[in-house]
Amino acid sequence: MKNRDFIPTSIYDIAAVERLKKMSFESVKEDIPALLEWLQDTHWDVAEGIAKYFEPYVNEIKQELLFILNSSDGMWKYFVMYILIGRSRHKLNAELIEILRRIAEHPSDIDSEACANEAAKEILMNEFLCG
């Protein structure tokens, strides 16, 4: 059985995040959904480190991000856009840009309440990410 001690067990489990930083992207691929769950609240101690780990891989984790952006959890969408997608080191994949545009232009009530539409608009204005 694979050791998964790089997945936090609490919002304070910084030691797990430190172990994650030493892992190759390939070795954590199957655990991406579990790791992205820790981005549901940027006030959690583990959120920043996990987001930083995935910054270079935003396009590679497109499917997992699309799942979140298509969910009904407005705050999770907002936090993922704010702490991860908006900090990508590469131009965003066309599918990510498309869903950001949908959230920005046709937000659900939940997206509006969570300001996810405003976060999407901000990312779309970024020439580096969406130009």
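Predicted model: local features only at pLDDT ≥ 70, side-chain atom pairs only at ≥ 80, totals over all residues.
Residues are numbered from 1 along each chain as its sequence is written, and side-chain values use heavy atoms, with hydrogens and water left out.

**View 1. Packing of helix α6 against helix α9.** Helix α6 spans residues 74-83 and helix α9 spans residues 116-124; helices are DSSP runs (H or I, at least four residues), numbered from the N terminus, as are strands (E, at least two). The two helices pack at an angle of about 25°, and their axes lie 8 Å apart. Axes are lines fitted to C-alpha atoms, for helices over the stretch in contact, and angles run from 0 to 180 degrees between N-to-C directions. α6 is therefore roughly parallel to α9, a term for angles under 35 degrees. The crossing of α6 past α9 is left-handed, meaning that the near helix is turned anticlockwise from the far one by less than a right angle. On α6 the contact (heavy atoms within 4.5 Å) involves Gly 74, Lys 77, Tyr 78 and Met 81, and on α9 it involves Ala 116, Ala 119, Ala 120 and Ile 123. By class, this contact of α6 with α9 comprises 6 nonpolar, 1 polar and 1 charged residues. Ala, Val, Leu, Ile, Met, Phe, Trp, Tyr, Cys and Pro count as nonpolar, Asp, Glu, Lys and Arg as charged, and the others, Gly among them, as polar.

**View 2. Cys 115 and Cys 130.** The count of disulfides is 0, a disulfide being a pair of cysteine sulfur atoms within 2.5 Å. The closest cysteine sulfur to that of Cys 115 belongs to Cys 130, and because the separation is 19 Å, it is too far for a bond. Cys 115 is partly exposed, at a relative accessible area of 37%, whereas Cys 130 is buried at 15%. Buried denotes under 20% relative accessible area, exposed over 50%, and partly exposed in between (1.4 Å probe, protein chains only).

**View 3. Surroundings of Ser 88.** Ser 88 lies in the loop between α6 and α7 (94-105). Its relative accessibility is 7%, so Ser 88 counts as buried. Excluding residues up to four places away in sequence, Ser 88 touches Glu 55, Val 58, Phe 128 and Leu 129.

**View 4. Met 125 in a loop.** Met 125 is located between α9 and α10 (127-130). This residue counts as exposed, with 66% relative accessibility. The C-alpha atoms of Met 125 and His 90 are separated by 15 Å, and the two residues are 35 residues apart along the chain.

Conventions
Parallel < 35°, antiparallel > 145°, perpendicular 65-115°, else oblique.
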